[in-house]
Amino acid sequence: MTKGLAAGPYGTPDRFNGGKGEGAVHGNWERPIALFRTSDSFVVQARSWLPAGVGGVVWFGPHGAHATCYVPFPIGMTKLPKTYREGDPRVLSRASAYWAFRYVENLANLRWIDMIRDVRAAAATLERSSALLVKDMGSDPRKLAVVAVEERLADTLAVEEGLEHTLQQQQQQQQLQQQQL
């Protein structure tokens, strides 16, 4: 999915509708499981040997699976963090985990083949830490510290996940355009 003409010069797996001409070609575009328009994905972990409140864990990933970080939520939790309760794809919210990950994936699409490595490395680090928290949780779901999404998390993720250079380039281009006006 990241090679060939449809992937563009930077290997994005995202595929968009081809417009009216698409219907003239018989067959279908190949399509990844993870789509840019995905609202969320999840993996359910069932551990029957543990008490009901912690035996089941939902590993929830806001936005597309190809550029998210899965966060564990034990089924015994009575309230989710606010950032994971909000996530309307039609209404931008800087306090929403969905929008933070959507923003980072959108930035990564500028140079997918280079940037997604950093995004995935950061997600893997966080997911390993979360797996250790789940393991150490025992029978009390309150012991699991869920990563809270702060205001402007998307900016933080973008900088910490190696996209700082891209942001700097965009700012420089904007400054040049303003100077030319």
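This is a predicted model: local features need pLDDT of at least 70, side-chain atom pairs count only at pLDDT 80 or more; totals for chains, interfaces and linings use all residues.

Colleague: How many helices and strands does the protein have?

Modeller: The protein contains five helices and three strands. Along the sequence, these elements follow the pattern β-α-β-β-α-α-α-α.

Colleague: And what share of the residues is buried?

Modeller: Of the 181 residues in the protein, 36% are buried. The accessible surface amounts to about 11,500 Å², and carbon and sulfur atoms hold 55% of that area.

Colleague: Let us turn to R47. Where is R47 placed?

Modeller: R47 sits in the loop between β1 (40-46) and α1 (52-55).

Colleague: Is R47 buried or exposed?

Modeller: R47 counts as buried because its relative accessible area is 10%, below the 20% cut-off.

Colleague: Which residues does R47 touch?

Modeller: Leaving aside residues up to four places away in sequence, R47 touches V54, G55, V57, V134 and M137.

Colleague: A change of topic: how many aromatic pairs are there?

Modeller: The count comes to four aromatic pairs. One of them joins Y98 and W99 in an edge-to-face arrangement, with 5.4 Å centre to centre and 90° between the planes.

Colleague: Are Y98 and W99 buried or exposed?

Modeller: Y98 is buried, with a relative accessible area of 5%. W99 also counts as buried, at 15% relative accessibility.

Colleague: Which residues do ring pairs link into a cluster?

Modeller: F60, F73 and Y84 are linked into a cluster by ring pairs.

Notes. Residues are numbered from 1 along each chain as its sequence is written. Side-chain values use heavy atoms; hydrogens and water are left out. Helices (H or I, at least four residues) and strands (E, at least two) are DSSP runs, numbered from the N terminus. Buried means under 20% relative accessible area, exposed over 50%, partly exposed in between (1.4 Å probe, protein chains only). Contact means heavy atoms within 4.5 Å. Accessible areas come from the Shrake-Rupley method with a 1.4 Å probe; for residues, only the protein chains shown count as cover. Rings of Phe, Tyr and Trp (its six-membered ring) pair if their centres lie within 6.5 Å; planes under 30 degrees apart count as stacked, over 60 as edge-to-face and the rest as tilted.
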